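This briefing summarises the fold, the charged pairs, the aromatic contacts and one surface feature of the structure shown below.

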Amino acid sequence: MDRGVFENEIIPANRPAVLRGLLRNWPAVQAGRQSPASVVNYLKRLDTGGTVNAFVGPPEIKGRFFYSDDFQGFNFESKDVSISTALDNLVSLAEAPQSPAIALQAIQVPNIMPSFLGDNAMPLLDSDIAPRIWISNKSMIAAHFDVNHNVACVVSGSRKFTVFPPDQVSNLYVGPLLRTPGGPPISVVDLRNPDLERFPRFAKALESGQEALLEPGDAIYIPILWWHGVESLEPLNVLVNYWWNDTLSAHHDPMLSLIHSMVLMSGLPAVQRDAWRELFDCLVFQSAGNPGAHLPSDLRDVMGNLSSADRDQIIERMAKNLQR
């Protein structure tokens with residue numbers, strides 16, 4: 001695997017791909033292959049002492065960071081700790097028959113261990129795409145999607161990825177959208193023990209799902225909007241991932257459009273929803289091709305060509321209208 005193959009074959013295929021041994025020469029991975037103590041010592045040497053957020057749940061959740069039973073809250077708490085403190089706690093709990101679930105998620109590496117970057121370079125991406133680090137004991141992160149491309153790299157421990165294509169959304173039983181455990185929407189089905197009586201359509205999703213077990217040095221590419229659940233299998237698991245999206249501005253979030261449309265459309269009668277679906281399919285998703293092809297090519301309209309500045313102005317105007 002090299003950058004040319006990744007950019008010209010892997011990404012255009014728009015399917016997840018396991019990249020075996022991609023990062024086997026990383027010093028962090030070599031430490032992870034030696035022992036949990038070795039990778040802990042390696043990361044602690046890089047720790048600049050900053051505070052990060054950790055999810056902590058009781059042993060009863062069995063590592064499944066999720067909603068509370070009534071879906072009004074969550075089954076874990078958030079605590080501020082240092083990376084070194086969290087690592088020491090995970091090591092001390094490694095042999096415990098029952099231990100709390102601990103997870104540090106999506107911590108920006110340049111902020112807490114910047115020297116990690118020089119020795120552990122990602123060969124497939126530009127250096128300005130900053131990695132994030134994920135550290136946990138045994139845990140289960142529900143199936144979810146990202147609005148960015150994702151390359152996830154196992155440094156220590158092992159992780160099982162379960163992926164589903166975007167067209168399986170109706171079979172994954174999506175949870176609440178306004179408040180989620182980690183940011184993106186999640187499937188409420190427990191991948192480790194799916195209840196097919198309660199969630200019968202999930203059996204259809206499993207027909208399209210795929211699993212991959214990743215060891216230290218392995219990576220996986222997950223395209224935008226592909227659902228993926230991640231199970232961490234060891235008492236200490238370390239992963240580094242990279243998110244990027246060349247076509248998505250930081251302040252243009254398609255999730256806001258989705259939620260806005262649901263608020264406005266979901267209460268309409270079915271006949272009206274069907275009519276709006278035709279408009280969305282034609283104008284937004286361009287199911288019949290460019291809907292503005294018959295108009296002047298220099299037209300500055302949503303039916304024509306818009307610059308980034310044009311899009312910013314339109315979104316700003318819409319935001320002001322929504323505040324009325």
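In what follows, a residue is termed buried under 20% relative accessible area, exposed over 50%, and partly exposed in between. At 45% relative accessibility, R277 therefore counts as partly exposed. The model is predicted. The protein chain has ten helices and twelve strands, and the structure holds nine salt bridges and 16 aromatic pairs.

**Overall dimensions**

- The radius of gyration of the protein chain is 22 Å, which agrees with the value near 20 Å that a compact globule of 324 residues would have.
- Along the principal axes, the C-alpha atoms of the protein chain fill a box of roughly 65 × 45 × 40 Å.
- Of the 324 residues in the protein chain, 41% are buried.

**Salt bridges within helices**

- In helix α9, R277 and D274 are three residues apart, about one turn of the helix.
- The side chains of R277 and D274 form a salt bridge, with an N to O distance of 2.6 Å.
- D274 has a relative accessible area of 39% and is therefore partly exposed, and R277 is also partly exposed, at 45%.
- Salt bridges that share partners join R3, E7 and D126 into one network.
- E7 is partly exposed because its relative accessible area is 37%, and R3 counts as partly exposed at 29% relative accessibility.

**A salt bridge between loops**

- D218 pairs with R20 in a salt bridge whose closest N and O atoms are 2.8 Å apart.
- D218 lies in the loop between β9 (210-214) and β10 (219-222), and R20 in the loop between β1 (17-19) and α2 (27-34), so the pair ties together parts that are 198 residues apart in sequence.
- With a relative accessible area of 8%, D218 falls under the 20% limit and is therefore buried.

**Aromatic contacts**

- One aromatic cluster is formed by F55, F65, F66, Y67, F71, F74 and F76.
- The structure holds 16 aromatic pairs in total.
- In the pair of F65 and F76, the ring centres are 5.5 Å apart and the planes stand at 80 degrees, so the arrangement is edge-to-face.
- Both F65 and F76 lie in the loop between β2 (51-57) and β3 (77-82), so their pairing ties together parts that are eleven residues apart in sequence.
- F65 and F76 are both buried.
- The ring of F66, a member of the cluster, has the charged end of R64 over it, 3.8 Å from the ring centre.

**Nonpolar surface patch**

- W276, L279, L283, V284 and F285 make a nonpolar surface patch of about 490 Å².
- V284 is found in helix α9 (residues 270-284), the helix that also holds R277 and D274.
- The relative accessible area of V284 is 49%, so V284 is partly exposed.

How values were computed:
Residues are numbered from 1 along each chain as its sequence is written. This is a predicted model: local features need pLDDT of at least 70, side-chain atom pairs count only at pLDDT 80 or more; totals for chains, interfaces and linings use all residues. Side-chain values use heavy atoms; hydrogens and water are left out. Rings of Phe, Tyr and Trp (its six-membered ring) pair if their centres lie within 6.5 Å; planes under 30 degrees apart count as stacked, over 60 as edge-to-face and the rest as tilted. Helices (H or I, at least four residues) and strands (E, at least two) are DSSP runs, numbered from the N terminus. Buried means under 20% relative accessible area, exposed over 50%, partly exposed in between (1.4 Å probe, protein chains only). A charge sits over a ring if NZ of Lys or CZ of Arg is within 6 Å of the ring centre and within 35 degrees of the ring normal. Patches are made of residues with over 30% relative accessible area and no salt bridge: like charges are joined within 9 Å, nonpolar side chains (Val, Leu, Ile, Met, Phe, Trp, Tyr) within 5 Å. Accessible areas come from the Shrake-Rupley method with a 1.4 Å probe; for residues, only the protein chains shown count as cover. A salt bridge is a side-chain nitrogen of Lys or Arg within 4 Å of a carboxyl oxygen of Asp or Glu. The radius of gyration is taken over C-alpha atoms; the globule rule is 2.2 Å times the number of residues to the power 0.38.
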